[in-house]
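Here are my notes on the model, as numbered points. Please read them with the structure open.

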Amino acid sequence: MAPADAVSEPEELTPEQAAAVREHLKEVIASPEFASSKRAGDFLRLIVDHTLAARLDNLRERMIGAEMFGRPIDYDTANDAVVRVKASEVRKKLTQYYSGLGQPPAVRIEIPAGSYVAKFLWEKPEEAAEAEPVLAPPEVNSLVPSQDGVPSEEQPRFRRSFAERRRRISDRWLEVSAVVVLLAIVVYFGVREFSNRPHANSEVRSIAILPLANLSGDPQQEYFADGMTDELITDLGQISALRVISRTSVMTYKGTKKRLPEIARELAVDAVVEGSVLREGNQVRVTAQLIDARADQHIWAQSYVRDLTSVLALQGEVARAIADQISIKLTPQEQARLTRARPMNTEAQDLYLRGTHMLNTGEPRKAVEYLQESVNKEPGFARAHAALANAYGGLGEAGGLPDIEAFVRKKAEARKAIAIDDTLPEGDTELANADADMDLNWDWNRAEGELKRALAQNPNFAAAHETYAFFLLRTGRANEGLAEIKRNLELDPVSARSFLNAGFAYYFARRYDEALAYTERAYQLEPNSAEFFFPLGAIYSEKGDYAKAVHNFQQLGDQPHALGHLGNVYARMGKPEEARAILPKLEERVARDGRGRYEIALIYVGLGKKPQAVVWLEKALAAHDKGMTNLEIDPCLDPLRDEPRFRDLERTVGLHESGVRLVK
């Protein structure tokens, strides 16, 4: 990529040379390579005009962005690559144009990498014709006597003979020179073309799509640019031969000043996609460029203009173009999924993007409102139904709806999404969650089938890997579960959420030191979040550091899950009165909104009251409390594992063998 303010001195041209450049520029812009892209021709004309006039200040990236693309004069060039993208496109078109010429032109226009000042390369055959050969052939030299040895009347004949031979020799040298020049041109452009292609020994097999820049100038349009980023990640993630970094990790680089090689190292990827989105009325312009981040070299760039009804389908087109540029062969299924025609009601689409933005910013109630309105306007919008299922699940987990109501709605929306589009991985993932959590029979086998289907459709779907990891842990397959967690970390390597989930996974696997290390890493990535108090409290409880456990649980106030674990810790550390004092708070919460039965059982386990603990677990079972999905893996329940009534609970939930025996 060109530095933001890279300029170089233009060469001085005579008026005749400048006129020749302008005439040649007309030929270039009229060529098939440029005729298909008016903006590329305008860009090249602007660069050449400013270079010929020696207006160096106008050839800085910021000034080109303002003049050519209407950017404000102080726009952030680090995060808005519109000039770099267009320059890369023009360089590629120039290479294609000159490679297709039969004879080299008198002048060739270039825009060198690292600069926006044009260079003009000249062919000068007239100078070659006038040049003396280094050595004249012996017969010519022997025919040129000294003037003293030649009669004066013979000197004109000798001069004519010499001149004729000299002309023939010069002609031969001119022919040789022309061949050499032509070969040089072929080699030069061949090397450049080859250098722009991915080499076999440096394949691109992992990629990150950086947040697309919002070029509208309106911060209220951020949701739209972020939504386009999400859709491209989703579509590109369906390519099984690629590892595609998840949204949560790439969004941490929004507004970053880091250089691409540094980002690539942190994400462990070969290439990155960066670009921009500009929404103007009913049209959307998406610009994307693919960069080999290991060498910071441009591979491909393209701009697309679509109306709002087909903008979601555009991401599949971009994904196919990227796959083609890095020589990845799509399977027939991948090709079909990426070429589906998806014309869309524009209002429904906009509501969907707003709703998913609310989901990503942790506001499930607002997300439900937007997404419900979206599916009302477009009942056949599968992705909106899947997102609505996700939102209902989030609302239940946040306490905005009783568990049973939230997950029944979640399941219904997931089923609608699958009925509309059974190739949509989000629908299968949400249904798997609902089946495992709220089905009357806790249908673990069906849930696993749905998760495997989701991962077959999108092997880069980090959320599905995370869900499958906890499914495996809950069903006693700890080693497989931890392998899925590691895969999730590969796809989501700089997200606090992924490390937090890894901390929980290792906690459930009874590997507490590793659980603590992952949780502390999550805290380093997002130190101001309250989400770390609960996992830290749980881990310190099992490590026997009860004072730290109590401190962390107390930070969460009267949330049922925190109160239940706090009471359990009080009981285990020899403070039964403090533990019993929490029971009325949880009983009142059960009466008010049905939450807290499982947590009351935890306190009775800590107090050594096993029969009371089992009674409350049976009540949690009857209410389909979400905590029952952790029956096999919750360390707090270990004292109950040999109780016959507890074993009956395991069978009722569909878990026939204790997972704890497998994770040790």
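1. Start with Thr 519. Thr 519 sits in helix α23, residues 512-525. Helices here are DSSP runs of H or I with at least four residues, strands are E runs of at least two, and both are numbered from the N terminus. At 0% relative accessibility, Thr 519 counts as buried. The cut-offs are under 20% relative accessible area for buried, over 50% for exposed and in between for partly exposed, with a 1.4 Å probe and protein chains only.

2. What does Thr 519 touch, leaving aside its neighbours within four places in sequence? The partners are Phe 499, Leu 500, Gly 503, Phe 532, Pro 535, Leu 536 and Ile 539. Contact means heavy atoms within 4.5 Å. Phe 504 is 15 residues from Thr 519 in sequence, and their C-alpha atoms are 8.0 Å apart.

3. A note on the basis. This is a predicted model: local features need pLDDT of at least 70, and side-chain atom pairs count only at pLDDT 80 or more, while totals for chains, interfaces and linings use all residues. Residues are numbered from 1 along each chain as its sequence is written, and side-chain values use heavy atoms, with hydrogens and water left out.

4. The chain as a whole. It has 31 helices and eight strands. Of its 664 residues, 52% are buried. Take the contacts with a separation of 6 or more: 60% of them come from residues 24 or more positions apart.

5. At 39% relative accessibility, Pro 527 counts as partly exposed. Ala 496 is 31 residues away from Pro 527 in sequence, with 9.2 Å from C-alpha to C-alpha.

6. Aromatic pairs. A search of the whole structure finds 15. Rings of Phe, Tyr and Trp (its six-membered ring) pair if their centres lie within 6.5 Å; planes under 30 degrees apart count as stacked, over 60 as edge-to-face and the rest as tilted. Phe 43 and Phe 69 have ring centres 6.5 Å apart and planes at 40°, so this pair is tilted. Phe 43 belongs to helix α3 and Phe 69 to helix α4 (residues 61-69), so the pair ties together parts 26 residues apart in sequence. Both Phe 43 and Phe 69 are buried.

7. A stacked pair is formed by Tyr 468 and Phe 471, at 5.9 Å centre to centre and 25° between the planes. Both lie in helix α20 (residues 462-474), three residues apart, about one turn of the helix. An α-helix has 3.6 residues a turn, so residues three or four places apart point the same way. Tyr 468 is buried, as is Phe 471.

8. Which residues form one aromatic cluster? They are Phe 470, Phe 504, Tyr 507, Phe 508, Tyr 512, Phe 534 and Phe 553.

9. Helix packing. Helix α3 (residues 38-52) packs on helix α5 (residues 82-99) at an angle of about 95°, with axes 10 Å apart. The two are therefore roughly perpendicular to each other. From α3, the contact uses Arg 39, Ala 40, Phe 43 and Leu 44; from α5, it uses Val 83, Lys 86, Ala 87, Glu 89, Val 90, Lys 93 and Leu 94. By class, the contact has seven nonpolar, no polar and four charged residues. Axes are lines fitted to C-alpha atoms, for helices over the stretch in contact, and angles run from 0 to 180 degrees between N-to-C directions. Under 35 degrees is roughly parallel, over 145 roughly antiparallel, 65 to 115 roughly perpendicular and the rest oblique. Ala, Val, Leu, Ile, Met, Phe, Trp, Tyr, Cys and Pro count as nonpolar, Asp, Glu, Lys and Arg as charged, and the others, Gly among them, as polar.

10. Two loop residues deserve a look. Phi is near 60° at Ser 327, a positive value in a residue other than glycine. Ser 327 lies between α12 (311-325) and α13 (332-338), and at 57% relative accessibility counts as exposed. His 624 has phi near 55°, again positive in a residue other than glycine. His 624 is in the loop between α29 (610-622) and α30 (644-653), and at 9% relative accessibility counts as buried.
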